[in-house]
Amino acid sequence: MVYSRLNVVFGVVFCGFLLGSSNVHAAPLWVDLSQAVVVSAGQGDETEDVAATILVEELAKRSGIQLKIQQTWPESDRPVIAIATRNTKADWSNRIPRRDDLRLPEAQSEGFAIRVVDAPNPKSPAVFIVGADSRGAIYGVGRLLRELHCRKGEIKLDKDLQIATAPEYPHRGHEMGYRALSNSYDAWSRAQYDQYIREQVLLGMNCVQNIPFQDGRTNELMQYPRPEMNRIIGEICDRYDVDYWVWTPVQFSLTDQKLRQAELKKHAQFYESTPRLDAVFVPGGDPGDNPPELVIPFMEDLAKLLAKSHPRAKVWVSLQDFDEPKIKFVMDYIAREQPDWLGGIVADTSALSIRETRMRLPKRYPVRSYPDITHTVECQFPVSWWDPAYAVTLVRESTNPRPVAYSTIFRRFAPHTDGFVTYSDGINDDVNKAVWSMLGWDSQQDAREILVQYAHFHFGAEAAESIADALLGLENNWQGSLAENAGVDGVLALWQRLEEQHPELLENWRFQQHLMRAYYDAYTRHRLLYETQLEQEALQTLAQAPKFGALTAMQRAERILQRVVSAPCRPELRARIDDLAEELFRSIGYQTSVERFGGSGAERGCVMDFVDRPLNDRWWLEAEFAKIRKISREQDRVARLDVIRTWEDPGPGSFYDDIGHVGKSPHVIRGEAINTDPEGRHAWNPGHTWVDEGRSRRRLSWLHHMRWPVGVDYDGLDPDARYIVRLTGQGESPLRGDGKKLPVTKRASQIGEFQEFAVPAELTADGALRLTWDPVDETHVPWQKRSHLAEVWLLKQ
């Protein structure tokens, strides 16, 4: 996957083209279905009737037209939308267009066919939705809704429409856990859960994964006790005939028999209470640290309890946090015992890759992936080289449509699996859910076409093409240096044009959500440019410290930095973001702030708590000024200010790289791209340290960092000069220059302190130098305390 760095061109041409684009395809011939009758082959409560009800209700929302449902074929010359399965037995079954080859898509599990028939009477055309089974009928309704053109008082369809399709992967699910940790689900009513699950099903999802026990906290947003909502979600899944999974980690020692029995009792009560349950997923870790010798017997006991209430349900396990000996224990057990209660393996971020999991597992057991589609940084699939300005404001759970990236990721891992249930903790990843669901149906679908279908379904046909491109624009906003990405303003212009042309969409929470991201991105970029300029002015003022004194220079610098408050940047953008955040909380319970909206934590999508966080080093400078004022000698104060002033500007012939900053690391060798290394197993992606609840006053360069880069490469060095390497970071730094280990001349113990290495003259005699780092095994060290690199200087002596 290649993203253009010509962001100015993107900003001008992309948005200018889209705003003026028109459909060049020949106009279709339409079938008017505004007066249609929906004919269902169901018998009162069968899935065909559920499919018919869904169709009628969704069409009423889109057009204001309430179509009638009946079981018999109408005698009048009225259009018909007929919903059936291949095995339908009705007095009108002979009308159903059939193809009898069992290899055809509409004969496969969950498959369907849609066909418009206008013979023998063109005045009463019929649209047939024929599912291979009951699920197929519902999926057929979902596809029809993505093809119909609806507006107030009008429903029409291309008369030449013919579709026959079946899903490529049998497991296509999303986690929707009802718990306080979520950024939205916890505020929902039964009706909101029902509608959201319905919408996901209509886009191809066939299972929901709930979190019935883990994290027992409650909050004021919850409208139901958790046991009641656990049951309700099962009822909703049963209504739409989709699988109901639950994720149930073991967070206590299984050697404690009292706790073990209590946990089994809790599971048994839940199993008995829910009308449907298809799978129980027990993760090996995260959370939980029991060895497999204890986990597997516990799962066997769960399977016995499960069989009493849901005999067809299975227990699944993941290998998360298991090392190779533990993985071997599990695989040997499965190969030896071939347990019937085991549903399969959930492959995740364990030491064993998805491909290796599939190769080592007996073929009778499926492999299901558990991709994290909700987080942006410090996660399974981080945004590649995400600009730090986003990392400190949007943090981990912002609205994050990534259709192109996730299409690439899906196609890399899916062939080794039987499908997926994504990890999600809210609605910030709503587009990503659709991308995964539709790729699970057809892995070769184009990302933009998926977005067009998504937009058509949720926003209507008229705006679908432009919204699809606007969503692609949001993904492009996150590519490369934000300061250099002029396309961000172009993307906002496109969303503002949509906002102006389609005011009815301002009541749609999905439109509100992505509109807010467009405003947020543009506001962040303008703040970044403005605050960078203020910092440069402040640093230039510090150069006057020898003339006017350190105290006066700091006072003047602080006044410059405080202009961000006295003369704020783009207040009109800031006000619109605030309004949209309020509207999103009212419309869908989206919690973008801890204090204002009851978010469970600052990292959990609470972007409004960081919308004004400094994007320069103002906080660090103010803290440093406070320390310098305590220094008694003027000479020492001036010397420290000079270090601060020249931090990123080491002088002629020397070099500085902010290792984790995509726009300030010109000498850093990038690793493999997302198309070949999406999990970062071969090369590290910049991360972001979460300290002080996102309010850390450290230098920004110490917050965004890397484990170690592939390398740092210098050319054009003075062959007659001597150089030293200076680093900041945390922990060890096993540095080599041109493959030779460099001697440490100055050690560091704290973040922000300088560590220095001597560079032998023979290494730079050719005018070039490459720095690399040896691997260090820190698997025993908590990830927060593992070594990483923040900054690198090559200083000419």
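User: In this predicted model, are Phe381 and Phe413 buried or exposed?

Analyst: Both Phe381 and Phe413 are buried, a term that requires a relative accessible area under 20%.

User: What makes the pair of Phe381 and Phe413 tilted?

Analyst: The ring centres of Phe381 and Phe413 are 5.9 Å apart and the planes stand at 35°; the centres have to lie within 6.5 Å for a pair, and angles under 30 degrees would count as stacked and over 60 as edge-to-face, so the pair is tilted. This pair links distant parts of the chain, 32 residues apart, with Phe381 in the loop between β16 (367–369) and α10 (388–391) and Phe413 in helix α11 (residues 403–413). Phe381 and Phe413 also belong to one aromatic cluster, whose members include Tyr406 and Trp436.

User: How many aromatic pairs does the rule give, and why is the pair of Tyr178 and Tyr193 called edge-to-face?

Analyst: The count comes to 40 aromatic pairs. For Tyr178 and Tyr193 the distance is 6.1 Å centre to centre, with 70° between the planes; because the limits are within 6.5 Å for the centres and over 60 degrees for edge-to-face, the pair takes that name. Tyr178 lies in the loop between β10 (171–175) and α4 (190–202) and Tyr193 in helix α4, so parts 15 residues apart in sequence are tied together.

User: How do you know that Tyr193 counts as buried?

Analyst: Its relative accessibility is 0%, whereas buried means under 20%, so Tyr193 counts as buried.

User: What sits over the ring of Phe548?

Analyst: The charged end of Arg556 does, at 4.5 Å from the ring centre, where the distance limit is within 6 Å.

Conventions
Residues numbered from 1 in each chain as written. Predicted model: local features only at pLDDT ≥ 70, side-chain atom pairs only at ≥ 80, totals over all residues. Heavy atoms only, no water. Phe/Tyr/Trp six-rings, centres within 6.5 Å; stacked < 30°, edge-to-face > 60°. Helix = DSSP H or I, 4+ residues; strand = E, 2+ residues; numbered from the N terminus. Buried < 20%, exposed > 50% of the residue type's maximum accessible area, 1.4 Å probe, protein only. Lys NZ or Arg CZ within 6 Å of the ring centre and 35° of its normal.
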